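Please view the sequence and structure below before reading on.

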Amino acid sequence: MTRTLLTLAEVEALAREAHAAQTDKAGRPYTEHLHAVAEGVRDRGGDDEQIAAAWLHDAVEDDTLSEEWLTDAALTNRTKAIVLALTKREGEPPESYAKRIRTTPGALLVKASDLAHNADPARLAVLDEHTRARLTKKYASMRALLGLAP
């Protein structure tokens with residue numbers, strides 16, 4: 001029996017519901033970040049599987065959806081693999097995280113969009129100087145590990 005996959009609209013609705021109570025470091029609804037990453041993936045030529053992964057890229061890491069949910073979800077194996085590749089593991093060295101992203105087909109484009117939004121100067125400008133400097137350094141380091149241009 002073939003299972004019908006979730007549509008992008010359904011994935012977006014699930015992600016919005018799962019992250020509804022969250023805010024980002026500036027106090028903005030976290031779903032704004034998810035939307036920006038998904039649109040960034042679309043703008044960079046990403047396909048529907050990558051856009052779905054963009055909507056879900058922080059869900060397992062943030063414990064808004066479980067890894068078990070992801071395993072059972074009506075998503076392609078590629079979308080699931082991208083989400084898992086982007087899920088940081090506790091105590092994992094950044095080099096290992098970056099290698100997993102680089103070696104998972106489709107994940108690098110999603111992470112590039114995530115980093116682009118996270119490092120957006122307008123988004124960082126509302127943070128205190130210490131946090132802004134720390135995050136700027138963190139994002140630049142990850143871009144370098146991923147082989148992305150500064």
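## Helices H3 and H5

H3 and H5 are oblique to each other, because their angle is neither under 35 degrees (roughly parallel), nor over 145 (roughly antiparallel), nor 65 to 115 (roughly perpendicular). Helix H3 covers residues 48-56 and helix H5 residues 77-86; they pack at an angle of about 40°, with axes 9 Å apart. Helices here are DSSP runs (H or I, at least four residues), numbered from the N terminus. Axes are lines fitted to C-alpha atoms over the stretch in contact, and angles run from 0 to 180 degrees between N-to-C directions.

H3 brings Glu49, Gln50, Ala52, Ala53 and Leu56 to the contact, and H5 brings Arg78, Thr79, Ile82 and Val83; contact means heavy atoms within 4.5 Å. By class, five of these residues are nonpolar, two polar and two charged. Ala, Val, Leu, Ile, Met, Phe, Trp, Tyr, Cys and Pro count as nonpolar, Asp, Glu, Lys and Arg as charged, and the others, Gly among them, as polar.

## Basis of the model

The model is predicted: local features need pLDDT of at least 70, side-chain atom pairs count only at pLDDT 80 or more, and totals for chains, interfaces and linings use all residues. Residues are numbered from 1 along each chain as its sequence is written, and side-chain values use heavy atoms, with hydrogens and water left out.

The axes of H5 and H7 come within 9 Å and cross at roughly 50°, so H5 and H7 are oblique to each other. Their crossing is right-handed. Ile82, Ala85 and Leu86 of H5 meet Ala107, Val110 and Lys111 of H7; five of the contact residues are nonpolar, none polar and one charged.

With H6, the axis of H5 comes within 8 Å and crosses at roughly 165°, which means that H5 is roughly antiparallel to H6. This crossing is left-handed. Leu84, Ala85 and Leu86 of H5 touch Tyr97, Arg100 and Ile101 of H6, a contact with five nonpolar residues, no polar and one charged.

## The largest pocket

The largest pocket has a volume of about 600 Å³. On a 1 Å grid over the protein atoms alone, a pocket is an open set of points where a 1.4 Å probe fits, with protein on both sides within 12 Å along at least five of seven lines; lining residues have an atom within 4 Å of a point. Grid points are joined across faces, edges and corners, and the volume is the space filled by probe spheres set on them.

The lining has 30 residues, with Lys25, Lys88, Asn118, Lys138 and Tyr139 nearest the centre. Helices H2 (30-43), H6 (94-103), H7 (107-118), H8 (121-124) and H9 (129-146) each give two or more residues to the lining. H9 gives the largest share, six residues. By class, the lining has 13 nonpolar, five polar and twelve charged residues.

Definitions and conventions. Left-handed = near helix turned anticlockwise from the far one by under 90°.
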